[in-house]
Amino acid sequence: MSFADTLKGLIGKGKKAAADNSEQIQGAIDKAADFADDKTGGKYSEKIDKAADAAKKAVPPKE
């Protein structure tokens, strides 16, 4: 098995794990965004929300 095949297999496992736990991951993204927003006093709310939305879109949906 080549390195590329091994890497593809690991990526596939990672995507499956992320999909299986997508609800928890999205909850963690929300919690992190709320924490960052609180620590910055709401000064960067729009940017934090935009980054959180982009992070959520990167998480594959549950299969």
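**From one lysine outwards**

Modeller: Let's start with Lys50, which has its place in helix α3. Helices here are DSSP runs of H or I with at least four residues, strands are E runs of at least two, and both are numbered from the N terminus. Before going on: this is a predicted model, where local features need pLDDT of at least 70 and side-chain atom pairs count only at pLDDT 80 or more, while totals for chains, interfaces and linings use all residues. Numbering runs from 1 along each chain as its sequence is written, and side-chain values use heavy atoms, leaving out hydrogens and water.

Lys50 is exposed, at 65% relative accessible area. The cut-offs are under 20% for buried, over 50% for exposed and partly exposed in between, with a 1.4 Å probe and protein chains only. Its C-alpha is 9.8 Å from that of Ala33, 17 residues away along the chain. Ala33, in turn, contacts Ile48 and Ala52 (heavy atoms within 4.5 Å) once neighbours within four places in sequence are set aside.

Ser22, in helix α2, is buried at 8% relative accessible area. Leaving out residues up to four places away in sequence, Ser22 touches Val59, Pro60, Pro61 and Lys62. Ala18 belongs to helix α1, residues 3–20, and counts as buried too, with 18% relative accessibility. With that sequence exclusion, Ala18 touches Ile25, Val59 and Pro60. From Ala18 to Pro61 it is 43 residues in sequence, but 8.3 Å in space, C-alpha to C-alpha.

Now the whole chain. There are 3 helices and 0 strands, running α-α-α from the N terminus. The radius of gyration is 15 Å, well over the 11 Å that the globule rule gives for 63 residues, so the chain is more spread out than a compact globule. That radius is taken over C-alpha atoms, and the rule is 2.2 Å times the number of residues to the power 0.38. Along the principal axes, the C-alpha atoms fill a box of roughly 50 × 25 × 15 Å. Of the 63 residues, 13% count as buried. The accessible surface is about 5,200 Å², with 58% of it on carbon and sulfur atoms; areas use the Shrake-Rupley method with a 1.4 Å probe, and for residues only the protein chains shown count as cover.
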